[in-house]
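Hi there,

Here is the structure I promised to pass on to you.

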Amino acid sequence: MTSPAPSSRPPRAELHVHLEGTLEPDLAFELAARNGVELPYPDPESLRAAYDFADLPAFLDLYTANMAVLRTEADFADLTRAYLVRAARAGVRHAEISFDPQAHLVRDVPLEAVVGGITGVLERAEADHGISTLLIAAFHRDKPVADALDVLERLLAMDAPVVGIGLDNAEIGYPPGLFADLYARAETAGLRRTAHAGEEGPAANVRDALDLLHAERIDHGIAVVQDPALVARVAAGQVPFTVCPVSNVRLRAVPSLAEHPLPDMIAAGMLVSVNSDDPPYFGAYVDDVDDAVTAAFDLSRDQRAALAAASFEGSFLPRDRVAAYL
Ligand code: ES4
Ligand code: ZN
C-alpha cells in the first residue's frame with residue numbers, strides 16, 4: 001500500500017504497537033543472515049505469504065518464531081529505527097511502543113541488549129524522526145506471574161526507561177486476575193498500566209482488568225460492547241481503548257471491518273483510538289488502518305480529527321504535553 005506525505009494527514013499518536021510485531025520480512029532476512037540464523041522460508045516474499053492467520057494463537061506462533069533473528073543490541077536498534085521511519089511517514093508524532101522482554105530472555109538474549117538497543121534509538125526519536133516516544137514492557141499472560149514479577153524487578157533494578165506495563169499473548173484461559181500481584185507491584189513503583197483484554201476473550205476480562213489490575217487503559221477491548229453497563233462505565237470514566245480494527249479482522253476476532261464494533265464504541269462516547277498492533281503481519285501501518293476505517297465507516301473529516309485527538313488524549317503523556325499536541 002502506498003501512503004501520502006505525512007502533511008496530508010492530521011498528526012496522531014500510536015498507542016498500541018508491538019515492537020517485535022513491526023519486523024518486516026526484509027529486515028528479518030537481513031538479521032537472519034547477519035546472525036547466522038536459518039528462517040524456514042526461502043525468501044521474504046514467501047514469509048509474507050505465510051501471514052494468513054486462522055486466529056490469535058496461529059499468529060502468535062509465527063510472531064514468536066520470527067523473533068529468532070533478534071539477537072543483538074544492534075538488531076533491536078535496527079528494528080526500532082525501521083518502525084520510527086515508517087511511523088513518521090504515517091503522520092505519527094507520538095508513539096507508545098510495547099516490547100516483550102520474556103520472549104527474548106527465554107532465548108538467552110540479555111535484557112540489557114534488548115533494552116539498550118531499543119532505548120538508544122528512542123532517545124533520538126524526537127530529533128531524528130519527529131516522534132516523541134514512551135516504552136511499555138508487556139508481559140505474557142500465558143506464563144506464570146512469578147516470571148513476570150522477576151522480569152519487572154530486573155527492569156526496575158536497571159532503571160529501564162519504561163513508562164508502564166502491558167499484558168499480551170493468548171487471552172483465552174488466562175484471565176486478568178492471574179496478574180493482580182504484577183500490576184500491584186507496577187502501581188507501587190509508579191508505572192502506568194495497560195492490558196490486552198476483550199480481544200478474543202469476554203467483556204468480563206475488560207472489567208477484571210479495570211477492577212483487579214487497576215488498568216488505566218485497555219488494549220483492544222472490543223468485547224466490551226457485549227456489556228452495555230460496562231460500556232456506560234468506561235464512557236463515563238473516559239477509559240482509553242486502543243483498538244486495532246485491521247488486526248481484529250486479520251485474526252478473525254470479527255468477520256469483517258464492516259462488522260467491527262468501532263462505530264458503536266465511538267457512538268457510546270468511549271475514548272477510542274485506532275492503532276496498528278503488528279503492522280507487517282496484518283498488512284497495514286497505522287495510516288493504512290486509518291484509510292481502511294475511513295472507507296469502511298465513511299468517516300467524516302471531523303470524525304477522523306476526533307480519532308486523531310483521542311490518540312493523544314489516551315496517551316500516557318502528562319496533560320500539558322497532550323494539550324500541546326491538540
Ligand atoms: C498481539 Cl494481536 C496481539 N494480541 C495479543 N498479544 C500480542 N502480541 C503481539 N501481538
Ligand atoms: Zn496488541
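First, some housekeeping. Residues are numbered from 1 along each chain as its sequence is written, while chains are lettered from A and ligands numbered from 1 in the order in which they are written. The model is predicted, so local features need pLDDT of at least 70 and side-chain atom pairs count only at pLDDT 80 or more, whereas totals for chains, interfaces and linings use all residues.

**Around ligand 1**

The residues around ligand 1 (C-beta atom, placed from the backbone, within 6 Å of it) include His18, Tyr63, Glu199, Asp277 and Asp278. That shell divides into two nonpolar, five polar and four charged residues. Here Ala, Val, Leu, Ile, Met, Phe, Trp, Tyr, Cys and Pro count as nonpolar, Asp, Glu, Lys and Arg as charged, and the others, Gly among them, as polar.

**Two annotated residues**

Asp278 sits in the loop between β8 (271-274) and α14 (279-282); helices (H or I, at least four residues) and strands (E, at least two) are DSSP runs, numbered from the N terminus. Asp278 is buried, because 24 other C-beta atoms lie within 10 Å. The cut-offs are 20 or more such atoms within 10 Å for buried, 12 or fewer for exposed and in between for partly exposed, with C-beta atoms placed from the backbone. Leaving out residues up to four places away in sequence, Asp278 touches His18, Gly21, Tyr63 and Ser247, where contact means C-beta atoms, placed from the backbone, within 7 Å.

Glu199 is found in the loop between β5 (192-197) and α10 (203-211). Glu199 has 25 C-beta neighbours inside 10 Å and so counts as buried.

**Helix α8**

The buried residues of α8 are Ala148, Val151, Leu152 and Leu155. Seen down the axis of α8, they fall within an arc of 105°, so they line one face of the helix; the arc is that of the directions from the helix axis to the C-beta atoms. These buried residues pack against α5 (101-105), β3 (132-140), β4 (164-168) and α9 (180-188). On the other side of α8, Ala146, Glu153 and Ala157 are exposed.

Best wishes

Definitions and conventions: Contact = placed C-beta atoms within 7 Å.
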